[in-house]
Structures are given as structure tokens and as C-alpha cells.
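Subject: Structure handover

Hello,

Here is the structure I promised to pass on to you. Please open it alongside this note, and I will go through what turned up.

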Amino acid sequence: MSETVSTPRSFQEIILRLQSYWSSKGCAMLQPYDMEVGAGTFHPATTLRSLGTKPWAAAYVQPSRRPTDGRYGENPNRLQHYYQYQVLIKPSPPDLQELYLGSLEAIGIDMALHDIRFVEDDWESPTLGAWGLGWEVWCDGMEVSQFTYFQQVGGHDCAPVSGELTYGLERLAMYILGVDHVMDMPFNDPQTPVPLSYGDIFHQTEEEYARWNFDTADTAVLLRHFEEAEAHCRTILEAEHTDPKTGRRIIMVHPAYDQAIKASHIFNLLDARGVISVTERQAYIGRVRALTKLCADAFVQTRAGGWTPESAA
Amino acid sequence: MPDLLIELFSEEIPARMQRRAADDLKKLMTNGLVEAGLTYASAGAFSTPRRLTLTVEGLLSESPTTVEERKGPKADAPEKAIEGFLRGAGLARDDLEERDTPKGPVLFARIEKPGRPAADIIAEVLATTIRSFPWPKSMRWGSGSLRWVRPLHSILCLLTDEAGAEVVPLNVDGIVSGDATAGHRFMAPDQFSVTSFEDYAAKLKRAFVVLDPAERADSIWNDATNQAFAAGLEVVEDQGLLAEVAGLVEWPVVLMGRIGEDFLDLPAEVLQTSMKEHQKFFSVRNPKTGRIEQFITVANRETKDNGATILAGNEKVLSARLADAKFFWDNDLRVARADAGNGMAPWMDKLRDVTFHNRLGTQADLIARMSALARTLAPMVGADPDAAAQAARVGKTDLASEMVYEFPELQGVMGRYYLREAGYSEPVADAARDHYAPLGPTDDVPVEPVSLAVALAEKIDKLTGFWAIDEKPTGSKDPFALRRAALGVIRIVLENDLTLRLSDGFEAAAGALADIRDAGAADTADLLSFIHDRLKVYLRDQGIRHDVIDACIAMPGNDDLALLVRRARALSEVLNTEDGENLIQAFRRANNILTQAEEADGVEYSYGADPKFSQTDEERALFEALDEAEARITPAMEKQDFTTAMAAMAGLRAPVDAFFTAVQVNDDNATVRRNRLNLLSRITRICAAVADLTRIAG
């Protein structure tokens, strides 16, 4: 075991340490995707890059939105907007568990004092048409991460297999920092001239979004946007593969995938507004899955997805 | 005789799969070895979260040489035939032996298969075992194509005898076998080599790994009960949880912690469910108050602070969990108390928006149907109709409560608490909890009349409903658990000895379904025969044969299951007597003669047998016996006293046998013949009043 690491003092210090740790392990430090998503997995750096044969190693913070989890900033643990830290390495290295445990040490969890367990958790994302096997990682009985070996994404078998790590940052940080209510958590160093708590930054937005998500979001507009995003995603992918202007082979997977992400988030908003019945729910999920599947089909036809003129011939 | 040690070391194996996997490893390996000629003295298999281990003792060091003799063509057979035989045997012409046989000289081959060293066989069998291992769910990792439950890291495969230990060389997708393993992930992560199973088990223990899951479970249970006892408390037993927890740790360390004061007033079921499902904690109860006051968690390591940090963390996580549960409980109680007997209106409103099944309406629709049905059924089970209807109306409203949304397994249990808070009577509140029963074949069935009415209403509505939309179970597919519902109906009726015509229930349920647009008319005859099929399975387990039940199902009133089963039991008992068994033979004979005569003559012999046309004493005796039997059977059947009726029927055996021995039915005299045929018809008719004996297998 390495020498004891100092305890971080703020939420952002934990993020910075994760960045520095995974950077030192050779991951590309990406930035959050610039769209509303429900989880870090939706970032194309995970969803699309887990497909195809090309090696990949990336890590990033992803702001994530789950409209139904909003509690007006009152619940100590629940937020409609929160952060995930995501690592994706393809092919999964043989020492991924050790690498992961190293990251926990890096953020101040002393392995000699805590009880870390890998507890069975099969991961499945119906909207991404994806599943994998792995664990939730427990630290003293608390789930601090999800650890998954991707087996399928967008209906495609993953070969090679990607290893995915997802850290729920707020929960993990609250535990390390010894904070009972997320809003009380120091966001930056409490010793600085302008100390800011998580609540200073997010309490008001939690209130605003909770009200909007639950009661005022215009469902007619959202329903229309869902239909538009769905249709748009398909038309983008139906476009001719050869760009008439440049004469190049350009399949517009990412623009299409943006529409799939959009549809997925709008579905979550409609769900929070309570306008989707139990039976309709499955149908909506199926519609989003159909889009991500189309995007996955298209991605493996691109160079980033492992396509080569030779493989096509 | 060498011993074999195998360890398959991987990333964490799901707890629920470990035991089965160890058994499979043992079975596949030992079967494979024996098939290849390697017998052994004993074998044992073990598992931890990270390893499957097999030890085989007293293995043969090589498989025995086998000799097979094969008979070939005649010595003078065409050259082609002999060549073919040689090819098949892998021999040359000179290797064959010519022997004289009664058919002339014939060629014989002696094929000798030399024994193979154990190591070769083990390597082959193990590679096959690994590649075809029956995990319930397996995965690939990295760039490989090998499948295992989680990434497989190393294979230890060691053959040990007096001369020492030797690695059995083996390479499965780049994983090369060796003699090394590693200890506890955190407490002793270094690799070490072993020389035998004893050495392996001892070194593992020094490296903080208890290999045997039973030993881990015992040590957890002992430590847990001791710690609880020392505090004047007791651990709530849970074998399933114990096995699971023993599969989550290699070095169990039991820690007992406190539940925050604020949460001690939560219902015991809520505390237990939350602690078990989310945290895999054991509940610790105060035997004086019956309250759950503390918990046991099992850590996977020792620490220098004796688990203080770990326990503090677990207590904190539990508090967060229970804060949620308490929030739900308080909210739900507020709704229940505000209701004051108003039909749990706020929850009922919610259930109007919750689909039960997209072709069978909402939960609220279901509740309305159940309530009407419970009212109809109430008199048949001795319940007050108003109470039964009310219990059905409010008994599922907890499905809309926050607690049940969070913990679906607490449905009904919570309903009972909430209904009591809302001022409903005990029987109505109890029905909320008990009407789901029985959920399993060994589950208790409800006994209180109101619960019975609601439990039957729930299951009969469900069966009739899914029959009406033609969603019946097929093969192994039974997504709506209709077989379980049918068995529930059967057990509730039989174990409470209810006199109940199921068809009445089906008709009433079908009537209530008329409002559902998508539902067609349920084929209630088909549904009844489904119930009968389940009944056969249920009775078969109690030693009653299929054909016996069929003979009773063919009788009128077969939708009264208690009646049907009484009849079947009586028939089964009588068939186990010598008289009963022989009567069946006699009955069959009578029936055959009669059927043939009726076919040949084109008439039906039914009535008019008259003693005055009797020619022999045996005929006259039979007439008397039939009169007597009928005199006993008819009143017995009116009282549904099947035992008496069946005994009277079996008593016919002697006179019927005597009749067949002495008398030729097809007499030359047409009058005598007709009279005898009419007599046979009387035998079959008397028997047929009791059960349809034509269905009894010969």
C-alpha cells in the first residue's frame, strides 16, 4: 500500500485528484459533454467509443440530470442535477480493479481502515440498448462506484470489452468529507477568502429546476420536441454517406446521436411531469433505444468506429 | 496415488452463484476424469468471492490400459470389406487373428489402448470444464473471447504425490497454469506457491482467507449471536442472508452497530427489509420488547481501530436509508390518519392512474372487480359480505403508498398498518396483509373468513381476467404467475375445506370483466380444466394418481374441489385394497362385454334386468349383492360419504367374480342373454355413480 494520502478539503479537490490520478494512468482528460444527459454513460466518449475495435482511454466529469430526483434542495442526498466521474478504458486492462482501488486511495480513502467490497450488480440501460456485468463498489456499506465490463452497446457486442467506472461524486465526497447534507459540503477550500458550499452554488438551481421539472415544464412543447428530435435523428442518419460538397465519406453519427440524447432527456422531463403512463413508458424507452441503436449501427461504419476502406471491401 | 488441487482465481464472483459453481466444478471435473479412466477416492469443492477450489484425493496416476476385441468379417470376405475393417480398427492385416467359428473362419482384432498419464487427462478435462462452465451469466473481458463470470486471472493446477508436487501444464486463452495464488485482497495481497491442498488451505488462512464457505458462515453466525447475547439481544435468523454474506467476504469480521433512536419506532418489517435489502445487515432484536434495536454487519477485514471506522460508516449509511424510510412512513401515516374510514381515497385516486395490465384496466378497476367478487364469495367462506367487500376495496390501496413504492415486497404488510391507523377493523386490516397468500407452495394459506374471501377474489379475478384476454401460461412461460394463483385457489379451498363451486366464482368474475373493453368472454371450462391440471400436480405429490383424479373429474360437481378431492382420496384408498383392484378388472370385463354387445346388436342395454330370468345361483347372488350395494351406495352418495360408497362398490368384487366364473353372458337363449347384459349394465351403472372407472389405467 502507498503511504497515507491526506484527506481532501473540498468537493473540487476530490475531482481534481481524480483528474490527476487518471491522467497519470494514461487516460485522456476529456471535458463534460455539452448537452443534458441522465448519466456519464451517455457521453459519446463512452457510448460510441465503447463500440468498434479501436483502443480508447478517457476520463471526464459529466454533469447529469435526473428530473424526478429533484427535492428542492431539501433532501440531504437527492439532487436533480449532480456530477458523475466517468472512466472508460478499452480493452479493459487486467489490473482495472487495482487501478480503481488506487483512485480511492488518491482521494483519501485509507484502505487499511475501510471495508471495500465488490457486490454483484448487472448494469443495463434500456435506452442505450446496453448491458454489462460488474459490481457496485461498497465502502463501509455505501455504494461509491459502479464498475462494469460492457458486453453490449446499442445492440452491438463489445469486442474488445470496455471497462467502465462511474463515481457518484456528491455521495463519495460527502462520505470522504464527513458531511451529512449535500448542501453543506464545501465546494472549494473552506479556508479561502470566498468559501463556497455546494448549497451556495446549487440550492437555488435545485429549487428552480424542481419546480420547473415537476410542475411547469410545458408538456406540449416537450412532446413536440421529442417527436422532432426522434425524426431529426433518423433523417440525419439517412443522409447520403458521401458529402456532395467535399466528396468525402462523412456519416453524421454524432449530430444524430445528439438528437437521441435530446430525446432521452425530454423523455425524462415528461416522466417527471407525470404525463407518461406505465404502459407508454416502455414504448418511449423503446423509441429512444431504437435511435441509439441506429447511431451505434452508423458509428461502426465510421473510421472512429473501426471502419476502414479495406474492411468495407 | 496422487492428489489433485485446482484453484480458479478470478475477480469477485456474485455471492448467489458461488455454491453452485463449486458444485459444478466438482461434478464436471470428476465426471470428466472418471470418463477418461481416472478414478479417485474422494473430492471436495470450496468457494470464496475470488476463487473456486477443487481437491481430489487418491487419483490414479494414469488411466488403465484397455483392450477391446472386435469381431470382423470372415477370413474369405472380399478384400474391400477386410480393408474397411482394418481402417476402423487402426491395425494391419498381420495383427488380426483368425478363429474358427460355426460359420467358418472369422477375423478378430485386438485393439489395445495404452493408459495415459493423469496430468494429460487433467489438463484436457480442466480446459474443457473452464470453456464450457455453466455460469448463469458470463462475460468477456479485455480483448479475449474466453467467457467466465468475471475476469479469470489465474489457474492453479497441482498434482501431488510422495515424490513431490508438479504443476499440470495448461494454457487457456493465455492463462497459464501454475502453483501460485494470492491471499486476501487487502490484508495479504502477495502471491505465494503451494505444494498440496493442506499447504494451500493453511497458507490461505495465514493470508486471511477462510476457504470453506460453511466455516465462514458458522463463524459469522457464532460471532453474531455471541455479540448480540452479550448485549442481552438476539439475532433474527436468516439463512439466505447468512449464505449471501458468507459469499461476500474471505475474512469475516462481525460488527454490531446501533440504529438511530429516531428510527426505532418504524415497523419491524420496514427495518428488517431496509437493512437486509440495501445493506445486507442482520437485524438484532430485543427479546423483551420484540423491537429491532441494533444490526450486525460483516466486514471483510480487520483494522487497527477494530472496525470503528467501518462501523461508523455503516451506521451513517443506514441512517440515510432509514431517514428515507421514516420519511415515507410519516407521509403514509398522515394520509392514512386523515382518511378516517374514507376508503383510503387519496391512494385510491392514484391507483386510477396505475395500469394493472393494459388490457385489464387499472389497479382501481381491479379493486372494484375484486370487491364485487369478494362480496359474492363471502357467504361461501363464512365471511360477512360487507366486511369482505370493504376489505377488498381498501386491501390493495397501500400499493400507492410511498413505502410500498420503495419496498414492493412490503405490499400488504404496510397496508395492514395503515388500515389499522385509519380505523378499519382487525379482520379488514389483516386481509390486506393476508390476501396475497399463499405465495409459495409451502406458504401458509389464510384462514380468517374475510381474508379468505379477498384472497380467493384476487386469484379468481386474476385467472378469469387473463383467460379473458387469452394470456394463458405456455410451457415454461408464466409471466403473470397464473399457475401460482391456481395453486393458491386449490390450497385455500382444500386446506380450509370450503364448499365452493368454482364455476360460480368464474361466472361472477367474468361478469365483472364485462366492463373491460379488451376482455373477451373467458373460456371458463378451459380455466376449470387448467385448475384441474394444477390439482393433479398437487395431488400427485400426495401420492394420488392422475387416472384416479381423472375418474373423479369426469363426475358431476367437479368444480367443487373439496368434493372432488374427497372422492379422489376415497377412490385411491379403495384401489389400494385387493377387492378394489379386482373390482376394477371385473368392471372392465363387464364394460367390454357390454360395449361389444351393444355395438353388435345396435341397441343399448340399460334397464330391465330381472332376477326371474336368472339361470344360476351366481346370477341370483349377484342380483342380491347389487340390490344391497345400491341400497348402501345411494344414501351414502347423497351424504357425499365416498368412503362408504366405495367400500360398498368394492364389496361387489366377490359376487361379480363368481358370476363371471360360472356364467357365460352370451347365452344361446336370447332372453337369458339380454337379461345378463342388462345385469352387466347395472354393475357399470352402480359403479359409474361413484366414479368414472373407465378412466382408471389398467
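Two strands are said to pair if DSSP finds at least two bridges between them, and the strands themselves (E, at least two residues), like the helices (H or I, at least four residues), are DSSP runs numbered from the N terminus. With that in hand, in β8(B) the residue bridged to Leu158(B) is Val167(B).

Before going on, a word on conventions. This is a predicted model, where local features need pLDDT of at least 70 and side-chain atom pairs count only at pLDDT 80 or more, while totals for chains, interfaces and linings use all residues. Residues are numbered from 1 along each chain as its sequence is written, chains are lettered from A and ligands numbered from 1 in the order in which they are written, and side-chain values use heavy atoms, with hydrogens and water left out.

Strands in chain B

Strand β7(B) covers residues 152-161, and eight of its ten residues are buried (under 20% relative accessible area; exposed is over 50%, partly exposed in between, with a 1.4 Å probe and protein chains only). On one count, β7(B) pairs with strand β1 (residues 3-10) of chain B in the antiparallel sense, over eight bridges. Within β7(B), Thr160(B) stands opposite Asp3(B). Four bridges also join β7(B) to β8 (residues 164-167) of chain B, again antiparallel, and a hairpin of two residues connects β7(B) to β8(B).

Aromatic rings

There are 37 aromatic pairs over all chains. Rings of Phe, Tyr and Trp (its six-membered ring) pair if their centres lie within 6.5 Å; planes under 30 degrees apart count as stacked, over 60 as edge-to-face and the rest as tilted. Phe11(A) and Tyr83(A) make a tilted pair, 6.1 Å centre to centre with 45° between the planes. Phe11(A) lies in helix α1 (residues 11-24) of chain A and Tyr83(A) in strand β3 (residues 81-90) of chain A, so this pair ties together parts that are 72 residues apart in sequence. Phe11(A) is buried at 1% relative accessible area, and Tyr83(A) is buried too, at 16%. In chain B, Phe133(B) and Trp135(B) form a tilted pair at 4.9 Å centre to centre, with 45° between the planes; both residues are buried. Chain A also has an aromatic cluster made up of Tyr85(A), Tyr100(A), Phe118(A), Trp135(A), Phe147(A), Tyr149(A) and Tyr167(A).

One member of that cluster, Trp135(A), has the charged end of Arg150(B) over its ring, 5.5 Å from the centre. Such a charge has NZ of Lys or CZ of Arg within 6 Å of the ring centre and within 35 degrees of the ring normal. Within chain B, the charged end of Arg99(B) sits over the ring of Phe108(B), 4.2 Å from its centre.

Where the chains meet

Taking contact as heavy atoms within 4.5 Å, 42 residues of chain B touch 45 residues of chain A. The two chains bury about 3,500 Å² between them, 52% of it on carbon and sulfur atoms; buried area here is the accessible area (1.4 Å probe) that two parts lose on being put together, summed over both. Arg140(B), Arg150(B) and Phe186(B) supply 18% of the area that chain B buries against chain A, more than any other three residues. There are six salt bridges between the chains, a salt bridge being a side-chain nitrogen of Lys or Arg within 4 Å of a carboxyl oxygen of Asp or Glu. Arg78(A) and Asp324(B) meet in a salt bridge at 3.8 Å, N to O.

Salt bridges overall

How many salt bridges does a search of the whole structure find over all chains? The total is 62. Arg99(B) forms one with Glu97(B), the closest N and O atoms being 3.2 Å apart; Arg99(B) is partly exposed at 26% relative accessibility, as is Glu97(B) at 40%. Lys396(B) and Glu458(B) form another, at 3.1 Å between the closest N and O atoms. Lys396(B) is buried, with 5% relative accessible area, and Glu458(B) is buried at 13%. Finally, Glu578(B), Asp579(B), Arg653(B) and Asp657(B) are linked in a salt-bridge network.

Best wishes
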